[in-house]
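Welcome! Please take a moment to look over the sequence and the 3D structure, and then read on for a guided tour.

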Amino acid sequence: MKTKNQKTDNWTKNTRNILSKSENTQKQKMEQTVGAKPTVKAVALISGDTNVRGSLHFVQGPNGVTHVKGKITGLKPGLHGFHIHALGDTTNGCNSTGPHFNPLKKNHGAPSHNERHAGDLGNIIAGADGVAEVSIADRQIPLSGQHSILGRAVVVHADPDDLGQGKFLFL
Ligand SMILES: [Cu+2]
Ligand SMILES: [Zn+2]
């Protein structure tokens, strides 16, 4: 199913942020070499159209797993789709960040699925207080190499991601 339709409200009121170019330079400086295997770190600051705010820390270990940890506040309670989009351009909100980061040309899915976009990180859950604590470990969002997510966008959607079951359509 490769429908290109998207519910426009999936794309409004989103928060997103970026591992921007200028931040990249810092990130490179933050690279630490542990023997021959580098640990790479990055930070994304989240700011939304409303008063959604947060920061996310990315740490890629020597085993290639990237850990994403942080806290996002000001969200509507419940599930929010959480993705890496292909482009770091947020000048036109979520629309200019392109589709889900998908270097392997797969279909949309859940993070645990074999068939998924690299950028498919599922949902984060905000509590009644509007706070989502994020703690994710994933192999498909490296901070270095050919499929690096540096310079792309982190998007927190207003709506849930159905994880490829067809209820919502994501690019
Ligand atoms: Cu998305
Ligand atoms: Zn996707």
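A residue is called buried if 20 or more other C-beta atoms lie within 10 Å of its own, exposed if 12 or fewer do, and partly exposed in between, with C-beta atoms placed from the backbone. By that count, 39% of the 171 residues of the protein are buried.

This is a predicted model, in which local features need pLDDT of at least 70, side-chain atom pairs count only at pLDDT 80 or more, and totals for chains, interfaces and linings use all residues. Residues are numbered from 1 along each chain as its sequence is written, while chains are lettered from A and ligands numbered from 1 in the order in which they are written.

**How confident is the model?**

The pLDDT is the predictor's confidence in each residue, from 0 to 100. Its average over the protein is 82, and 75% of the residues score at least 70. Of the elements, strand 8 has the highest mean pLDDT (98) and helix 1 (residues 8-11) the lowest (36). Over residues 1-36 the pLDDT is below 50, and this stretch has 74 contacts in the model beyond near neighbours in sequence. Where pLDDT is low, the predicted coordinates should not be read in detail.

**The overall layout**

Helices (H or I, at least four residues) and strands (E, at least two) are DSSP runs, numbered from the N terminus. The protein has two helices and nine strands, in the order α-β-α-β-β-β-β-β-β-β-β from the N terminus. Two residues are in contact if their C-beta atoms, placed from the backbone, lie within 7 Å. Among contacts between residues at least 6 apart in sequence, 62% join residues at least 24 apart.

**Strands side by side**

Two strands pair if DSSP finds at least two bridges between them. Strand 4 and strand 5 are antiparallel partners with eight bridges, and leucine 56 sits opposite glycine 70 in strand 5. Five residues lie between these two strands in their hairpin, where glycine 64 takes a positive phi near 90°. Strand 6 and strand 9 also run antiparallel, joined by four bridges; here phenylalanine 82 has valine 156 of strand 9 as its bridge partner.

In a regular strand the side chains alternate between the two faces of the sheet.

**The nonpolar core**

A nonpolar core is a set of buried Ala, Val, Leu, Ile, Met, Phe, Trp, Tyr and Cys residues joined through C-beta atoms within 7 Å. Which residues have the most contacts inside the largest one? They are Ile46, Leu56, Ile72 and Val154, in a core of 28 residues. Strand 3 (37-48), strand 4 (53-60), strand 5 (66-73), strand 6 (78-85), strand 7 (120-126), strand 8 and strand 9 each give two or more residues to this core.

Setting aside neighbours within four places in sequence, isoleucine 72 is in contact with Ile46, Val52, Gly54, Ala132, Val134 and Val156. Valine 134 lies in strand 8 (residues 132-138), and is buried because 20 other C-beta atoms lie within 10 Å. Valine 154, in strand 9 (residues 153-156), is buried because 29 other C-beta atoms lie within 10 Å.

Here are two pairs brought together from separate parts of the sequence:

| Pair | Apart in sequence | C-alpha to C-alpha |
|---|---|---|
| Valine 134 and phenylalanine 82 | 52 residues | 10.0 Å |
| Valine 154 and isoleucine 46 | 108 residues | 8.0 Å |
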